[in-house]
Amino acid sequence: MAINLNNYSLTDLQQLIADAETTLEKRQREKRAEVVAQMRKLAASVGIDFEIVAGETKKRSSRTAAVAKYRNPANPAQTWNGRGPKPKWFKEALAAGKTAEQMAI
């Protein structure tokens with residue numbers, strides 16, 4: 001099935017994609033339900049009863065940035081949360097005689 005997409009506007013293409021995704025998800029749900037029904041029927045034929053636990057997939061929670069612990073005294077816009085490698089400004093401040101406690105927020 002070849003569709004000439006060159007004649008579609010951006011809005012039409014976006015709508016086509018959204019409609020296709022919706023249709024795909026619907027068909028996948030229907031296919032899953034069909035397979036589960038077949039599994040239940042087969043299991044019942046040998047005297048087994050079971051429950052399908054795997055439903056919708058879990059969405060990963062998005063990570064939030066760690067709270068800044070240190071601030072550059074020369075440039076307050078630069079901060080560091082204490083994780084990962086020490087930034088250049090932090091190393092330079094330590095070499096200049098500052099302590100981590102003095103740069104703590």
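A contact means heavy atoms within 4.5 Å. The model shown is predicted: local features need pLDDT of at least 70, side-chain atom pairs count only at pLDDT 80 or more, and totals for chains, interfaces and linings use all residues. Residues are numbered from 1 along each chain as its sequence is written, and side-chain values use heavy atoms, with hydrogens and water left out.

**View 1. Contacts and elements of the protein.** Of the contacts between residues at least 6 apart in sequence, 25% join residues at least 24 apart. The protein has three helices and two strands, arranged along the sequence as α-β-β-α-α. Helices (H or I, at least four residues) and strands (E, at least two) are DSSP runs, numbered from the N terminus.

View 2. Helix α1 covers residues 10–45, which is 36 residues. From first C-alpha to last, α1 reaches 52 Å, close to the expected 52 Å at 1.5 Å a residue. The expected span is 1.5 Å times one less than the number of residues in the helix. Gly47 follows α1 and has a positive phi, near 80°.

**View 3. Extent and burial.** The C-alpha atoms fill a box of roughly 80 × 55 × 20 Å along the principal axes. Buried residues (under 20% relative accessible area, 1.4 Å probe, protein chains only) make up 9% of the 105 residues.

**View 4. Charged side chains.** There are 18 positive and 11 negative side chains, and the centres of the two sets lie 11 Å apart. Lys and Arg count as positive, Asp and Glu as negative, while His and the chain ends are not counted. Each charge is placed at NZ of Lys, CZ of Arg, CG of Asp or CD of Glu.

Methods. Buried < 20%, exposed > 50% of the residue type's maximum accessible area, 1.4 Å probe, protein only.
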